[in-house]
Amino acid sequence: MDYARIFRDAIDTLHGEQRYRVFLDIERIAGAFPHARAHVDGRARNIIIWCSNDYLGMGQHPEVIAAARQAVGAHGVGAGGTRNISGTNSAIVALEDELADLHGKTDALVFTSGYISNEATIATVGKLLPDCLILSDELNHASMIEGVRRAGCEKAIFRHNDLQHLEELLKRADPDRAKLIVFESVYSMDGDIAPIHAICDLAGRYGAMTYLDEVHAVGMYGPRGGGIAERDAAMARVDIIEGTLAKAFGCLGGYIAADGAIVDAIRSYAAGFIFTTALPPAVAAAAKASVAHLKASNAEREAQQRQAARTKRALAERGIPVISNETHIVPVLVGDPQKAKAASDMLLDRFGLYIQPINFPTVPRGTERLRVTPTPYHSDTLIEELAEALDAVWRTLDLPRTSRTEAAE
């Protein structure tokens with residue numbers, strides 16, 4: 001058997017479908033974000049990053065950097081083991097206390113990534129609940145889908161944010177059957193928001209648990225950065241809140257927050273938690289500093305929302321088609337995978353602006369896009385430069401535009 005050929009054919013398939021991912025070698029510069037250097041064909045060039053998930057620039061915040069440096073000096077680099085075998089360091093315990101407080105829960109549990117926290121927790125809850133039915137929003141993240149799959153129990157997919165469809169599925173289930181509703185607060189590709197209270201109402205009516213992914217909302221919304229559930233005063237109604245330390249908090253790792261028995265059960269049964277090395281003390285200390293800072297400071301959130309709104313206006317004025325939403329995500333619709341890649345390449349080559357194209361399967365075919373994420377550090381000048389560059393790209397590639405009337409709507 002020609003094993004190598006099998007892998008070459010798999011890659012050729014991605015190329016043929018315009019789905020092959022090209023990774024840009026980026027050198028982030030502390031204190032200069034969103035300015036960075038890109039290494040292309042052995043040469044370095046200055047670029048502006050417009051698609052980072054470091055939404056608030058906390059990855060370069062002086063307090064966060066200082067916490068990491070202090071922890072490295074005091075404790076070294078690695079964690080030294082799994083959480084069960086020498087890896088439960090004091091920094092990670094303090095971080096979990098900080099996160100439990102952020103979400104108004106008694107306990108929190110930190111994982112090595114947001115992907116793992118979703119996959120491991122959903123799978124474990126599904127296995128522990130007898131004859132569990134998992135009800136999952138159709139636009140849930142791949143990590144949630146994988147968690148549902150690994151749970152091995154029956155699943156029902158409800159149409160995105162469709163409360164009527166969700167209720168229909170709940171009605172069909174035995175009232176005494178264990179049920180888990182899994183959904184996100186901010187959906188990162190379109191930037192829309194789930195009706196958390198309404199979903200919790202249905203959960204209460206039909207005896208279901210709720211699992212809320214807040215990865216694109218923690219740090220960003222609510223008076224202390226607790227996410228959409230905090231903003232909407234819904235945290236106490238959600239059974240399990242999942243978040244990440246790698247986006248608005250600017251670090252690395254994922255976590256869940258819930259009440260004691262749930263967290264203890266996940267800690268005791270989830271393979272993705274038990275059999276992996278813990279986060280190093282430096283990462284945990286940096287994340288704790290970031291969470292603590294954003295609990296007390298609204299300046300970063302307010303500046304980010306202001307610049308996101310400014311970006312949307314600047315693009316709309318030029319007829320650049322932005323998918324409308326009320327969040328910090330600025331999805332620019334292209335609608336063709338080849339042209340999305342061409343637009344991304346042109347922005348980088350001609351203007352030094354880095355925006356990664358988003359294609360299938362991350363988004364449905366025909367909705368390929370550029371996903372722009374302004375931060376507090378993207379100045380008004382940088383926003384105008386982006387708008388002018390996108391205007392030039394749209395002209396060159398003859399991409400469709402929205403009218404001023406559509407933009408105003």
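A cavity is a set of grid points where a 1.4 Å probe fits but cannot get out. In this predicted model, the count comes to one cavity of 30 Å³ or more. The volume of the largest cavity is about 50 Å³. Its lining is formed by R83, V110, F111, T112, F273, T276, T277, A278 and L279. Five of these lining residues are nonpolar, three are polar and one is charged.

Open space was examined next. The second largest pocket has a volume of about 300 Å³. A total of 17 residues line this pocket. Those nearest its centre are R83, E96, L109, R267 and F273. R83 and F273 also belong to the lining of the largest cavity. Several elements contribute to the pocket: α3 (83-87), α4, β4 (107-111), α10 (260-269) and α11 (271-274) each supply at least two lining residues. The pocket lining comprises seven nonpolar, four polar and six charged residues.

The axes of α4 (residues 90-102) and α12 (residues 281-296) come within 8 Å and cross at roughly 25 degrees. Angles under 35 degrees count as roughly parallel, so α4 is roughly parallel to α12. The crossing is left-handed. On the α4 side, the contact involves A91, I92, A94, L95, E98, L99, D101 and L102. These residues meet P281, A284, A285, A287, K288, V291, A292 and K295 of α12. The contact residues divide into twelve nonpolar and four charged, with no polar ones.

Terms used:
Residues are numbered from 1 along each chain as its sequence is written. This is a predicted model: local features need pLDDT of at least 70, side-chain atom pairs count only at pLDDT 80 or more; totals for chains, interfaces and linings use all residues. Side-chain values use heavy atoms; hydrogens and water are left out. Axes are lines fitted to C-alpha atoms, for helices over the stretch in contact, and angles run from 0 to 180 degrees between N-to-C directions. Helices (H or I, at least four residues) and strands (E, at least two) are DSSP runs, numbered from the N terminus. Angles under 35 degrees count as roughly parallel, over 145 as roughly antiparallel, 65 to 115 as roughly perpendicular and the rest as oblique. A crossing is left-handed if the near helix is turned anticlockwise from the far one by less than a right angle, and right-handed if clockwise. Contact means heavy atoms within 4.5 Å. Ala, Val, Leu, Ile, Met, Phe, Trp, Tyr, Cys and Pro count as nonpolar, Asp, Glu, Lys and Arg as charged, and the others, Gly among them, as polar. On a 1 Å grid over the protein atoms alone, a cavity is a set of points where a 1.4 Å probe fits but cannot get out, and a pocket is an open set with protein on both sides within 12 Å along at least five of seven lines; lining residues have an atom within 4 Å of a point. Grid points are joined across faces, edges and corners, and a volume is the space filled by probe spheres set on the points.
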